[in-house]
Structures are given as structure tokens and as C-alpha cells.
Amino acid sequence: MLYKPLMKPAELVLLEFLNTRMNLSPADKQNYFNLKKGYEGETMFAGLTEKLQCECLILNDLLLEFNGSKFQIDSLILLQKLFYLNEVKNFEDDCYFENKRFYLSNGTERRDPLLQLERCTSLLRQLLHSLKINTPIESRVVFMNPLFTLYQAPRTEQIIFPNQVNRYLNKLNMISSKLNEGHKRLAEKLISLHINESPYSRLPSYKYENLRKWFTCALCTSFSISVQGKMCICGDCNHKETVEAAVLRSVKEYRMLFPDRKITTNGIYEWCGMVVSKKRISRILGKNFNIVGVHQWAYYE
Ligand SMILES: [Zn+2]
């Protein structure tokens with residue numbers, strides 16, 4: 001049973017907005033693509049674990065801390081007498097192990113996923129001990145991408161290759177498990193300990209003035225949007241959206257990118273590319289938000 005669903009990380013959502021509206025540096029672009037790929041892998045794995053039939057609680061994407069050390073768990077599956085911790089990777093390159101180190105095919109050393117897993121498992125075990133829980137933890141690195149190859153892989157059941165994922169989950173399904181209130185309490189406790197980190201410190205710096213204003217397509221993020229009557233139409237993929245929905249989506253984006261800015265008719269009018277009249281923007285805002293203040297000092301919440 002899914003207990004904590006996977007959510008798109010705010011950092012990724014914001015990077016998506018920025019990637020559309022400004023030129024990211026090559027390093028920021030790389031970071032954006034890595035995050036995006038990682039999230040896609042986690043989504044695939046979460047989709048598969050959701051179908052587990054055994055009695056279990058699934059917690060996705062936990063950021064926890066023990067003794068000042070933070071650790072990230074991609075997927076934790078609580079069974080009656082055993083917990084499965086899964087580190088999900090969506091690598092699609094050729095990689096190899098040599099002298100207990102992990103490399104890309106071009107010889108660049110990469111963070112060893114097995115070491116990462118070991119650290120994470122140890123911290124989770126200590127955290128559980130502090131909660132008086134001694135259930136054993138099995139941990140796995142799950143590689144989701146069928147394009148991934150690992151040469152000289154150590155022979156360990158801790159690594160699950162893409163062609164083994166289904167077998168692995170089938171094995172979990174066979175484990176007999178009866179959950180009780182204690183498991184639920186633990187799941188609740190872990191969720192309450194989850195740290196929500198502010199994504200803003202990790203973003204590249206950006207300024208309102210430097211971001212491109214206009215409607216973007218909800219499907220393909222293109223700026224080729226024309227407004228025809230009540231509809232916004234994408235010139236690239238032909239996706240249609242009502243002006244109201246497009247304005248509200250733009251407001252959401254504006255709010256996330258600039259949490260300190262107030263939502264005003266003028267502000268949103270400009271953010272949407274000054275293509276929809278202020279009167280119409282004001283009507284849409286008035287219908288969907290509460291107005292605070294009057295005349296030129298009015299803003300929406
Ligand atoms: Zn489009």
C-alpha cells in the first residue's frame with residue numbers, strides 16, 4: 001500500500017521553469033537533466049512498487065537526519081519483519097567497477113551507489129534503533145534504465161539490474177507479511193521526520209528582468225502561444241488551453257519563482273506577455289483569489 005507518494009521535487013519544478021525562461025549555464029543545465037532523469041527513474045520504480053500485492057507500506061522520497069547527518073531514501077518498503085530500502089538509479093551510460101571504485105566509461109569516477117546505499121542503510125538503522133525498532137533492513141540499488149551497463153559488477157544481490165526488477169518485486173510479493181498498528185505508527189513517524197528543504201539556495205541565480213515573459217505551452221513549454229478568444233493555442237504542438245487556465249498556471253509559476261512578490265494585475269499582465277487585457281487578467285484573479293487593498297495598491301492572495 002502506498003503510504004507516501006512520490007512528489008516532483010520543487011527544485012526540479014523551478015529548474016524546469018528557469019530552463020524555459022532563461023539560458024541556463026552548461027553546469028546548471030546538466031544538473032537539471034540529472035535531476036529530471038533521476039526523478040523519471042524514481043517515478044518508474046514507484047509505479048511498479050505501487051502494484052505490490054503483499055501487505056506492505058511504501059514510503060517514497062524521504063529526507064531524514066540522524067546525528068546531524070542527512071540522508072535521502074528513494075523508496076522504503078515496510079513489511080512485517082523486514083524493511084526494504086531502495087536506492088533508485090536511472091543511469092544510462094556504460095559504467096565499470098575497478099578497485100572498489102565506480103567509474104563512467106570515460107574514466108571519470110562517480111559516486112559509488114553501493115557506498116551511498118551503505119551509508120543510507122546505516123543511518124536509517126541507527127535512526128530506527130533510536131525509535132526502539134530493530135527490524136532488519138535489506139537494501140538494494142535498483143538500476144531502472146535498460147540502456148545502463150555495468151562492467152565488472154560485484155556479484156551481490158544488493159544490485160538489481162533493469163532486467164531483474166520484476167523478479168525482485170515478485171520476490172517481495174511472495175513474502176508473507178501481516179502489518180499492525182506499530183507499522184503504521186512508524187510510517188507516520190518517518191513522514192513526520194521528513195525534512196522539507198528549501199529549494200531556493202540550490203538554484204542558479206535569476207532575476208525577474210532577465211526571464212522571458214509570455215504564456216508557455218502546458219504540454220511542450222513552447223512560447224509559440226497565440227490567444228484566440230477564450231483559448232490559448234500552441235503553434236508548435238497545437239495544444240489548446242483556456243486563457244483562464246493559462247493565466248492561473250502562469251500565476252503559479254510566478255509565485256514559485258518569486259515568493260516575495262505580490263500578485264497584482266499589472267505584474268501578471270506583464271508576466272503573461274501583455275497579450276491579454278488588464279481587465280481580463282483582473283477578472284480572472286478576482287475570481288480565483290482574494291483581493292487585499294484597493295485601487296493601485298490592491299494585490300491578490
Ligand atoms: Zn505546445
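Student: What are the numbers of positive and negative side chains in the protein chain, and how far apart do the centres of the two sets lie?
Tutor: There are 41 positive and 31 negative side chains, and the two centres lie 5 Å apart. Lys and Arg count as positive, Asp and Glu as negative; His and the chain ends are not counted. Each charge is placed at NZ of Lys, CZ of Arg, CG of Asp or CD of Glu.

Tutor: This is a predicted model: local features need pLDDT of at least 70, side-chain atom pairs count only at pLDDT 80 or more, and totals for chains, interfaces and linings use all residues. Residues are numbered from 1 along each chain as its sequence is written, and side-chain values use heavy atoms, leaving out hydrogens and water.

Student: Which atoms are the protein donors of the zinc ion?
Tutor: They are SG of C217, C220, C234 and C237, lying 2.3 Å from the zinc ion. Donors are N, O and S atoms within 2.8 Å of the metal (3.2 Å for Na, K and Ca); water is not among the atoms, so sites may look incomplete. Their spacing along the chain is C-x2-C-x13-C-x2-C.

Student: What makes the arrangement around the zinc ion tetrahedral?
Tutor: The 4 donor atoms subtend angles of 105 to 116°. Four donors count as tetrahedral if all angles lie between 85 and 135 degrees. So the arrangement is tetrahedral.

Student: Why does C234 count as buried?
Tutor: Buried means under 20% relative accessible area, exposed over 50%, partly exposed in between (1.4 Å probe, protein chains only). C234 has 2%, so it is buried.

Student: Why is C237 called partly exposed?
Tutor: Its relative accessible area is 33%, so C237 is partly exposed.

Notes. Tetrahedral: all angles 85-135°; square planar, octahedral: opposite > 155°, others 65-115°.
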